[in-house]
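Please look over the sequence and the model first.

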Amino acid sequence: MLNMALRTFRRDWKAGEVKVLLFALTIAVMAMVAIGSITDRVHRAMGEQSSEFLGADYTFESPRPIDDAWIERGRNDGLEITRSQSFATVLSSDDNFQLVSVRALDGKFPLKGTIEIAEKPFTQGVVQQAQPKAGTIWLEPRILGVLGVEVGDTIDFGSIQLTVDGVIVAAPGQASEVFNVAPKVLIHIDDVEKANIVQEGSRLEHILFIAGEPAAREPYIQWLKSQKNPTQEITGGKEGTPALKAALERAETFLRLASLISVVLAGVAIAVAAGRYSQRHFDYSAIYRCLGMQIRQVHKLYLWQLLMIGLIGSGLGLALGLGLQSLIINQFSDYLPKPMVGISLAPVITGSLSGLVVLLGFALPSFLQIAKVPPLRVLRKELLPRAMSSWVIYLLSIGVMALLMWWQSNSLLLVGILLAVAVVTYLLIRLIAWFIFKIGVWLGKRGSLPVRFGVGQLKQYPAFTISQISAFGLAFIIMLSTVLLRSELLSEWQSQLPEGAPNHFLVNVQEQEVEPLESILQESGVSTKGIYPMVRGRVVGLNDMTLEEALDENQQRVGAVRRELNLTWMADVPEANKVTQGEWWSESDVADDRAELSVGEELAQRLGLEIGDVLKFSIGGLEVEGEITNLRSIQWDSFQPNFFIIFEPGGLDGFPASYITSFHLPVEDKGVLNQILREMPTVTIIELDAIMEQVQSILDQVTMAVEFIMLFVLLAGIAVLYAVLQVSREERLLSATLLKALGARKKFIRASILAELILLGAFSGVLGVIGGEVLVNILYSQAFDIDLVLHPWYWLWVPMISVGFIGIVGWLGLRHLLNQPAHQVLREY
Amino acid sequence: MLRTQELTKTVNSQGQDLTILSDVSLTVNEQDTVAIVGVSGSGKSTLLSLLAGLDLPSGGEVHLAGEPLHQLDEDERAAVRAQNVGFVFQSFHLLPGLSALENVMLPIELKEQDRAKERATELLEKVGLKDRLQHYPNQLSGGEQQRVAIARAFASEPKILFADEPTGNLDTKNGNKVSDLLFDLNKQLGTTLVLVTHDDRLAERCQRIVRLEGGKVVADNAVATQTEATQAATAEQ
């Protein structure tokens with residue numbers, strides 16, 4: 001049987017019978033391998049980048065010293081581990097003091113990313129991966145102004161003196177700590193003990209920075225997780241950068257989706273091609289059967305064909321996919337995350353195996369049909385194999401699709417969404433098929449003869465028409481959703497860091513300094529987003545009860561009620577906030593005896609606060625009450641100062657306030673910061689420009705990756721459209737030739753073919769738009785957390801593009817064939 | 001070799017039972033040549049498909065080479081065909097992707113017999129297509145295609161050959177050539193031949209003519225001996 005199968009395959013190959021199916025499979029495997037590898041590589045490279053913010057792949061924090069054996073174990077596993085201690089202390093030089101947050105290191109820092117050290121404040125630094133030598137200290141620029149020192153000077157650190165060796169321009173770990181008021185310094189870990197600065201009972205965090213290959217790293221992290229106690233905390237790359245977390249997660253979801261989509265496209269192409277292949281083999285099967293072959297033998301023969309097509313198609317697709325992904329990564333390396341990581345085996349294996357599985361799931365039903373042709377077909381051509389229950393076919397395809405999606409995405413939610421869409425699409429297709437019939441009847445009465453003939457072609461083979469429309473429609477659904485999702489993500493990311501967003505903050509501005517500060521800024525041409533008051537106070541009571549009475553144990557542990565909060569008053573809702581419950585105060589109802597309050601909804605939820613609750617604050621020994629009138633959602637990744645609690649204007653009158661302001665300052669204007677520090681030495685400057693630039697560059701790269709994958713999905717979609725047109729080309733060619741043989745003129749033939757193609761395009765386009773809107777909105781709400789949006793503009797565009805593409809490509813594929821002599825064409829079919 | 005008893009075929013067409021064949025009882029002995037004739041719609045092709053086991057009767061019995069076809073399932077009937085039956089069709093039914101040689105080799109291969117290539121080549125030489133071995137069906141004329149089909153039909157050395165209007169798609173000259181080949185090979189190899197035709201001259205070359213009308217056998221006559229019939233046909237030419 002194998003011999004015969006090989007011979008059959010060779011003959012089919014020569015006769016061009018397997019080419020379309022092989023083409024579809026090759027495209028499918030190529031797409032899966034290429035998209036899979038590219039997304040995997042981009043994804044891992046992005047992971048590397050977010051690690052750079054953390055300074056490591058993971059950090060492990062503990063309030064108590066960490067067992068040396070744990071560190072030893074990690075290092076033995078081949079991991080890089082830098083130990084550090086973190087605490088707050090006061091630095092002094094002459095009569096100047098500054099509270100700082102110290103990070104003492106025992107090894108290289110950072111393990112991921114770089115640290116930028118300069119010799120003068122507010123200048124470009126040198127990028128390095130290092131640690132301060134014992135006896136030296138690296139400082140954030142604002143400390144130099146406060147302490148009145150320069151690089152090379154010494155400062156007091158506990159009982160010893162340290163030499164200022166450099167200025168920290170940018171360092172990892174800043175993102176989550178930007179609004180920590182205490183500026184950061186780096187020292188060598190040995191100096192901590194020498195300085196005698198840490199006493200029994202001092203608040204000290206022990207931190208491990210951990211980096212290494214995933215194979216060694218992940219088991220170690222798992223082990224740490226099993227060992228750690230509740231006071232110890234493990235943080236991975238993404239969690240360390242709230243500003244990027246959402247963006248990266250969405251990008252990942254998008255990329256995962258893209259690879260799922262390639263599976264669907266592959267399935268469609270293969271199903272269409274396999275249907276065609278099996279139809280073309282019905283005659284063969286009937287003759288085989290007539291000559292005495294048994295069903296089992298015919299099954300076996302065609303399963304061998306399927307296997308051989310699978311192996312060759314997967315092999316070709318794999319080779320092409322690997323070549324393509326490396327070409328693409330090299331070509332676009334400027335726009336992709338750097339450094340790019342190497343290719344990994346998993347997506348390659350998944351891609352090639354998926355090819356075989358897709359082939360089985362989508363082609364097997366058609367192939368099984370072949371052997372079921374009644375042998376009587378040799379006498380009665382119209383006999384077809386008994387149709388398999390369509391439920392069996394759909395269940396098999398959907399099952400295989402679900403399996404593959406789950407395999408590729410590991411996300412049941414995404415799989416569920418896509419399957420739901422598949423069901424909706426199926427129903428839509430039935431509806432549209434019904435429509436075609438109705439329109440066909442309508443046109444059959446009204447259209448000109450060629451149009452009626454063209455529409456008649458669609459009506460004559462409803463199953464083939466439906467499979468074409470569903471394939472085209474699905475390709476359009478997928479392409480449209482990809483385009484829409486990409487636009488939505490991009491505009492979201494742009495709004496996260498708009499051009500000219502404030503990248504410098506001044507805090508701790510005293511009331512009498514507000515006016516001089518405004519004039520300095522005005523002279524330098526810097527425009528601010530306003531100067532806000534900030535009052536530090538504690539929450540001490542809720543609804544006439546103390547916190548101990550009002551809150552349960554867990555609630556009492558919430559950070560916001562254990563420390564001083566920054567309170568403010570504002571007339572309008574701050575930019576990055578949205579009122580989610582209650583109403584913001586209007587200008588007319590200025591504070592009566594009890595101020596209105598706006599509370600962040602997360603905090604309210606954790607403390608069980610509701611609108612109407614009354615909070616009591618202690619501010620500098622005095623007490624004040626306010627009533628909650630609204631709750632706000634706060635966008636923590638906005639790089640804006642955010643406040644848990646906002647009073648209505650006037651609510652904090654009479655309490656000592658410091659002020660805060662923010663502005664956008666390009667690098668070349670940074671000199672103005674020195675002037676501010678000279679004139680108002682107590683003002684604290686928070687520079688976010690470096691980190692924002694880094695975030696921006698990551699967002700740019702993620703954007704590029706998304707654009708790029710979208711382009712690839714579009715190409716894969718076009719390949720499917722093209723494959724389906726190829727498959728249906730013969731049908732059209734044959735009917736056109738028959739027409740020609742019957743004496744129809746070219747004009748007539750052209751009109752009838754175009755009518756058929758245009759109608760096909762229009763229905764596919766409509767299906768694409770409806771399905772695309774449904775899919776994209778389900779994805780928005782379920783996977784991306786975006787509100788419902790409709791895209792009426794595309795309702796016009798997609799059908800037009802669909803008609804244009806299917807019309808033009810379909811026509812081009814036929815045009816030159818129509819010039820062949822009719823008898824030649826007819827003899828071949 | 002072939003025996004039917006009260007063979008009946010009815011089909012359901014638009015809610016009505018339509019009787020295509022009723023009570024056909026025939027016996028065909030080994031090496032007989034039988035023509036089934038009748039006008040279009042008289043049930044000729046249906047009878048042929050039942051005799052060859054391509055279809056199942058609604059009633060009655062068919063025995064082919066001792067096997068009760070009416071009791072066998074699809075695959076068992078296929079096995080009987082593989083061992084005993086050859087076909088020649090009106091529309092040739094060559095496999096378009098296979099060369100002339102490969103088409104003839106196919107039944108030999110299906111029977112898993114040796115020397116498929118040599119035997120196929122021999123047969124094609126006998127039908128005068130020595131120079132056409134590697135041609136594909138679409139490169140052959142209708143007459144040539146039917147000669148390949150005849151070579152294929154005899155390739156597996158069948159005990160019985162069914163021919164459905166073997167000359168129906170051919171002009172007189174090619175038709176004669178094909179029927180000459182058919183009867184010559186039949187004689188040489190001692191095959192039983194059952195052919196369906198509405199060409200009286202072709203029918204008269206058989207030993208026996210069975211005439212169908214409205215699904216019933218209305219005449220079953222032995223004609224003059226095969227030699228006489230052949231002589232008559234040759235004389236006419």
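The sections below cover the basis of the values, then charged pairs, a surface patch, strands and one histidine.

## Basis of the values

The model is predicted, so local features need pLDDT of at least 70 and side-chain atom pairs count only at pLDDT 80 or more, while totals for chains, interfaces and linings use all residues. Residues are numbered from 1 along each chain as its sequence is written, chains are lettered from A and ligands numbered from 1 in the order in which they are written, and side-chain values use heavy atoms, with hydrogens and water left out.

## Salt bridges in chain A

Over all chains, the search of the whole structure gives 14 salt bridges (a side-chain nitrogen of Lys or Arg within 4 Å of a carboxyl oxygen of Asp or Glu). One of them joins Arg75(A) and Asp106(A), with 3.8 Å from N to O. This pair links distant parts of the chain, 31 residues apart: Arg75(A) is in helix 3 (residues 68–76) of chain A, and Asp106(A) is in the loop between strand 3 (96–105) and strand 4 (115–118) of chain A. Helices (H or I, at least four residues) and strands (E, at least two) are DSSP runs, numbered from the N terminus.

Arg75(A) counts as partly exposed because its relative accessibility is 35%. Asp106(A), at 24%, also counts as partly exposed.

Arg217(A) and Glu218(A) form another salt bridge, and their closest N and O atoms are 3.1 Å apart. Is Arg217(A) buried or exposed? Arg217(A) has a relative accessible area of 13% and is therefore buried, whereas Glu218(A) is partly exposed at 28%.

In chain B, Asp55(B) and Lys9(B) form a salt bridge with the closest N and O atoms 3.5 Å apart. The two are 46 residues apart and link distant parts of the chain: Asp55(B) is in the loop between helix 1 (44–51) and strand 4 (59–64) of chain B, and Lys9(B) is in strand 1 (residues 2–13) of chain B. Asp55(B) counts as buried at 19% relative accessibility, and Lys9(B) counts as buried at 11%. Elsewhere, Asp57(A), Lys112(A), Arg217(A) and Glu218(A) are joined into one network by salt bridges that share partners.

## Strands in chain B

Which order do the strands of the open sheet follow? The four strands of this chain B sheet have the order 2-1-4-5, with antiparallel pairing; two strands pair if DSSP finds at least two bridges between them. Strand 2 (16–28) and strand 5 (67–68) of chain B are the edge strands, each pairing on one side only. Strand 4 and strand 5 of chain B run antiparallel and are joined by two bridges, and Leu64(B) has Glu67(B) in strand 5 as its bridge partner.

Strand 6 (residues 85–88) of chain B points Val85(B) and Phe87(B) one way and Gly86(B) and Val88(B) the other way, and all are buried. In a regular strand the side chains alternate between the two faces of the sheet. Four bridges join strand 6 to strand 7 (residues 160–164) of chain B, and the two run parallel. Phe87(B) has Phe162(B) in strand 7 as its bridge partner.

## A histidine in chain A

His664(A) lies in the loop between strand 21 (658–663) and helix 20 (671–679) of chain A. With a relative accessible area of 35%, His664(A) is partly exposed. The C-alpha atoms of His664(A) and Asp689(A) are separated by 8.6 Å, and the two residues are 25 residues apart along the chain.

## A positive patch

Arg745(A), Lys746(A), Lys747(A) and Arg750(A) form a positive surface patch. Patches are made of residues with over 30% relative accessible area and no salt bridge, with like charges joined within 9 Å and nonpolar side chains (Val, Leu, Ile, Met, Phe, Trp, Tyr) within 5 Å. Lys and Arg count as positive and Asp and Glu as negative, while His and the chain ends are not counted; the place of a charge is NZ of Lys, CZ of Arg, CG of Asp or CD of Glu. Areas come from the Shrake-Rupley method with a 1.4 Å probe, and for residues only the protein chains shown count as cover. Arg750(A) lies in helix 22 (residues 746–784) of chain A and is partly exposed at 37%.

Notes. Buried < 20%, exposed > 50% of the residue type's maximum accessible area, 1.4 Å probe, protein only.
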